[in-house]
Amino acid sequence: MLERLAVPVIAAPMAGGLSTPKLVAEVASAGGLGFLAAGLLTVEALAGQLTALAELTDRPFGVNLFVPGSKSTVDLSVYRERVAAQAALAGVEPGDPVWDDDSYAAKLELVLAMRVPVVSFTFGLPDVDEVRRLRAAGSYVVVTVTTPAEAKQAAQIGADALCVQGSDAGGHRGTLTDDGVSPGGGELFGTLAALRLVAAAVDLPLIAAGGLATGGDVAAVVTAGAVAAQLGTAFLLCPEAGTAPGYRMALREKNRRTALTRAFSGRPARGLVNRFLSENTAHAPAAYPNLHLMTKPIRATGDPELMSLWAGQTYSLIEAAPAAELVRRLNDEARTAIRNATARFGGE
């Protein structure tokens with residue numbers, strides 16, 4: 001499936017309204033593969049996006065599901081007091097820090113009924129029966145991993161391919177479990193290191209993700225063994241993306257560093273450093289999605305100093321462009337990079 005893509009570029013699933021049907025359709029029109037992000041959506045909203053996408057393209061696409069983790073037993077009262085004080089300054093109340101399963105079972109049944117071409121999983125492993133059902137429905141199953149050990153687990157349940165996420169990636173870490181202590185939830189590997197180590201551990205097609213912003217990056221991971229490169233941050237300035245104005249402004253300024261934090265959601269994620277991240281990272285417990293729901297009203301204010309500005313380490317390299325144009329440019333740049341590399345090694 002992935003080997004047949006005309007352009008080995010995948011637009012990552014970006015939850016929170018960033019990945020839109022229009023963005024996915026435009027990526028597909030240029031020969032790549034786009035993903036809708038089911039995470040944080042209601043089942044009805046996901047169904048609506050699938051219907052809208054069907055009207056925009058008949059090309060293959062993917063849907064990403066968040067696998068629910070276990071309920072946190074961490075006492076959230078102290079962190080809630082911090083958030084409540086900051087929410088008051090913003091004129092809002094913190095949300096209710098409850099746990100939920102993101103309607104996982106219902107979303108799985110929806111993608112099965114809709115026979116979605118590619119279904120990927122993040123934050124955990126689907127069970128063997130779920131993988132079998134998806135494959136029987138004609139879906140290609142991808143699991144996100146961050147270490148060789150996770151890759152072996154995903155291979156054992158019958159995944160068709162793995163998305164190997166490096167620590168330079170923007171947004172939430174795709175770790176199967178969060179150790180609650182390490183900044184990234186577990187051992188950190190850069191994208192190339194993770195790709196090479198996973199390739200040595202399993203014999204499956206691999207998608208490389210994390211800190212990829214240019215066609216040269218695409219060429220680098222493909223020559224290192226990936227069948228495709230997955231980019232998320234690179235698409236945030238596309239007009240088709242659902243990126244909020246304050247978020248776009250912060251990305252364009254290119255003057256912030258990035259850092260890993262649990263401050264916004266209770267799960268490690270990389271974003272642009274702002275006031276909320278700076279003041280709360282050291283105090284945030286590992287409790288997802290409880291913290292996500294607690295901080296949601298603050299993030300919804302649209303203030304760049306209070307929003308979760310997810311971005312990879314190379315975000316300063318991205319440029320605003322329509323999604324289809326960006327995919328074509330990445331393809332052209334990758335081809336040029338490969339030609340130059342071939343010449344460097346004495347090729348014609």
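**Strands and helices of the barrel**

Strand β4 is mostly covered, with five of its five residues buried. The model is a predicted one. Burial extends to both faces of β4. Val118, Ser120 and Thr122 lie on one side, and Val119 and Phe121 on the other. In a regular strand, side chains alternate between the two faces of the sheet.

Strand β4 spans residues 118–122, and β5 spans residues 140–145. The two pair in the parallel sense over four bridges. Ser120 stands opposite Val142 in β5.

Eight strands close it, in the order β1-β2-β3-β4-β5-β6-β8-β9, with parallel pairing. From one strand to the next, the twist averages 25°.

Strand β9 covers residues 228–231, and all of them are buried. Ala228 and Gln230 point one way from β9, whereas Ala229 and Leu231 point the other way. Strand β1 (residues 9–11) pairs with β9 in the parallel sense over three bridges. Within this pairing, Gln230 in β9 is the bridge partner of Ile10. Strand β8 (residues 206–209) is likewise joined to β9 by three bridges, and the two strands run parallel. Ile207 stands opposite Ala228 in β9. From β8 the chain passes through helix α8 (residues 215–223) to reach β9. This β-α-β crossover is right-handed.

Helix α7 lies across β6 (161–165) and β8. The angle between α7 and β8 is about 165°. Helix α7 (residues 191–201) also packs with helix α6 (residues 148–156), their axes coming within 9 Å. The axes cross at roughly 45°, and the two helices are therefore oblique to each other. The crossing of α6 and α7 is right-handed. Pro148, Ala151 and Lys152 are the α6 residues in this contact, and they meet Leu197, Val198 and Ala201 in α7.

Notes
Residues numbered from 1 in each chain as written. Predicted model: local features only at pLDDT ≥ 70, side-chain atom pairs only at ≥ 80, totals over all residues. Heavy atoms only, no water. Buried < 20%, exposed > 50% of the residue type's maximum accessible area, 1.4 Å probe, protein only. Pairing = 2+ DSSP bridges. Right-handed = clockwise from strand over helix to strand, strands pointing away. Axes fitted to C-alpha atoms, helices over the stretch in contact; angles between N-to-C directions. Parallel < 35°, antiparallel > 145°, perpendicular 65-115°, else oblique. Left-handed = near helix turned anticlockwise from the far one by under 90°. Contact = heavy atoms within 4.5 Å.
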